[in-house]
Amino acid sequence: MNGIKALVFDVFGTVVDWRTSVAHEAEAVAKSRGLTVDGSKFADAWRAQYAPMMDQVRTGKLPWTKLDHLHRMILDRIVGDFGLSGLSESERRTLNTAWHRLRPWPDAVSGLTRLKKKYILAPLSNGNIALMTDLARHAGLPWDCILGAELVQHYKPDPEVYRSAMELLDLERGEVMMVAAHLNDLRAAKAQGLRTAFVARPAEYGPAGKPDLKADDSIDVSARDFNDLAMHLGA
């Protein structure tokens, strides 16, 4: 792994536990109205439309739309399915920013702190800059800067997002490593010349989920968690 200078991270699912966090906030909003909601099913329904909405941007059916606004469009579609169509505008705004308050996985902050001693760290997420900034402050994520989709107005896995990490950090092919729990993300990064590190998150989708659990031949380094990754990379 000689020559690596920067690590860029997928965030949702890799760094933070989106499902549990969103479920908790959905249940809290429902409870404040005297209602009961299955927060996990709500989170799953919200996330299920994440990729299809980005595909609408990618194919030109929608103009460039940052993720906060896509999340709100999805939220407005699904609240009625869970008996929450009566939520006020203020309640909807607050619930939509649940994505700004996601909890990090237990190893995330300690592992990132170790890695930061040796490498430049940045998210390379589909989340917009305000979302990533709030999330870093909320979760204590020690980024050196924030990269991602909004800067190039493309969503992963478009190649422009991965190339931007090298271009904006003024680094060469092979000097940037993508870290993710999702093999499709890592394969796309590899195709643009990034090195790749896989960290499995078996609990990302809940007990019935089907996360990626094993690295394939697109992966340069496979680690159990971020502290294990730090050990592999000598940090």
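Some conventions before I start. Residues are numbered from 1 along each chain as its sequence is written, and side-chain values use heavy atoms, with hydrogens and water left out. Because the model is predicted, local features need pLDDT of at least 70 and side-chain atom pairs count only at pLDDT 80 or more, while totals for chains, interfaces and linings use all residues.

I begin with the sheet. It is open, with 6 strands in the order β5-β4-β1-β6-β7-β8, and the pairing is parallel. β5 and β8 (221-223) are at the edges with a single partner strand each, so one side of each has no neighbour in the sheet. Helices and strands here are DSSP runs, H or I of at least four residues and E of at least two, numbered from the N terminus. Two strands pair if DSSP finds at least two bridges between them.

Take strand β1, residues 6-9. It is joined by 4 bridges to β4 (residues 120-125) and by 4 bridges to β6 (residues 176-180). On the β4 side, Phe9 has Pro123 as its bridge partner. On the β6 side, Ala6 is partnered by Val176, and Val8 stands opposite Met178. In a regular strand the side chains alternate between the two faces of the sheet. In β1, Ala6 and Val8 are on one side, Leu7 and Phe9 on the other, and all are buried; buried means under 20% relative accessible area, exposed over 50%, and partly exposed in between, with a 1.4 Å probe and protein chains only.

What lies across β1, β4, β5 and β6? That is helix α9, which runs at about 150° to β4. Axes are lines fitted to C-alpha atoms, for helices over the stretch in contact, and angles run from 0 to 180 degrees between N-to-C directions. Also packed on the sheet is α10, which touches β6 and β7 (195-199) and makes about 165° with the direction of β6.

Helix α9 covers residues 159-169, and its buried residues include Val161, Tyr162 and Leu169. The buried residues of α9 pack against β1, β4, β5 (147-148), α8 (149-152), β6 and α10; contact means heavy atoms within 4.5 Å. After α9 comes Asp170, with a positive phi near 55°.

Now two single residues. Ala26 sits in helix α1 (residues 18-32) and counts as buried because its relative accessibility is 0%. Leaving out residues up to four places away in sequence, Ala26 touches Phe42 and Leu95. Ala26 and Phe42 are 16 residues apart along the chain, with 7.2 Å between their C-alpha atoms.

Arg72 belongs to helix α4 (residues 67-78). Is Arg72 buried or exposed? Its relative accessibility is 18%, so Arg72 counts as buried. Beyond neighbours within four places in sequence, its contacts are Glu89, Arg92, Arg93 and Asn96.

Last, the largest pocket. It holds about 440 Å³ of space. Its lining has 23 residues, with Arg47, Tyr50, His182, Asn184 and Tyr205 nearest the centre. α2 (39-48), α3 (50-58) and α10 (183-191) each give two or more residues to this lining, and α3 gives the most, with 5. A pocket is an open set of points on a 1 Å grid over the protein atoms alone where a 1.4 Å probe fits, with protein on both sides within 12 Å along at least five of seven lines; lining residues have an atom within 4 Å of a point. Points are joined across faces, edges and corners, and the volume is the space filled by probe spheres set on them.
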